[in-house]
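Have a look at the model below before reading on. A short tour follows it.

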Amino acid sequence: MGASYGFNAVLGALTAAVPRGPLRLAARATLLALGARPLLNKDRPTFTDVGHFAALALGVGLGSALVGGRRAV
């Protein structure tokens, strides 16, 4: 594991800091689309390409889970 995998995971999780609504959805969709781009542009994606996308997707999922756990009292 390299620092780039961690960077992608943290970047995905930071989308939870974007205000709720269409802006957050757009931020997540844009990041995931940019992360998927190397997988679609090559004949055969590398392990690193897949790993970066997986880390980004896991970060987005973790950010969603953490924000979803907060409830107003």
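## Before you start

This is a predicted model, in which local features need pLDDT of at least 70 and side-chain atom pairs count only at pLDDT 80 or more, while totals for chains, interfaces and linings use all residues. Numbering runs from 1 along each chain as its sequence is written, and side-chain values use heavy atoms, with hydrogens and water left out.

The mean pLDDT (the predictor's confidence in each residue, from 0 to 100) is 89 for the protein, and 92% of its residues reach 70 or more.

## The overall picture

You'll find 3 helices and 0 strands here, where helices (H or I, at least four residues) and strands (E, at least two) are DSSP runs, numbered from the N terminus. The C-alpha trace spans about 50 × 25 × 15 Å along its principal axes.

Of the 73 residues, 25% are buried; buried means under 20% relative accessible area, exposed over 50%, and partly exposed in between (1.4 Å probe, protein chains only). Take the contacts (heavy atoms within 4.5 Å) between residues at least 6 apart in sequence: 62% of them join residues at least 24 apart.

Helix 2 covers residues 22-41, and its 20 residues reach 28 Å from first C-alpha to last, close to the 28 Å expected at 1.5 Å a residue. That expected span is 1.5 Å times one less than the number of residues.

There's a kink of about 30° at Gly-35, shortly before the proline Pro-38. The bend at a residue is the angle between axes fitted to the seven residues ending there and the seven starting there. Gly-35 is also buried, as are Arg-24, Arg-28, Leu-31 and Ala-36. These buried residues pack against helix 1 (3-13) and helix 3 (47-68).

## Helix 3

The end C-alpha atoms of helix 3 are 31 Å apart, which agrees with the 32 Å that its 22 residues should span at 1.5 Å a residue. Its buried residues include Gly-51, Gly-59 and Gly-63, along with Val-60 and Val-67. Helix 1 and helix 2 are among what covers the buried residues of helix 3.

## A buried loop residue

Thr-15 sits in the loop between helix 1 and helix 2. Is Thr-15 buried or exposed? It's buried, because its relative accessible area is 3%. Leaving aside neighbours within four places in sequence, Thr-15 is in contact with Arg-24, Arg-28, Leu-31 and Val-60.
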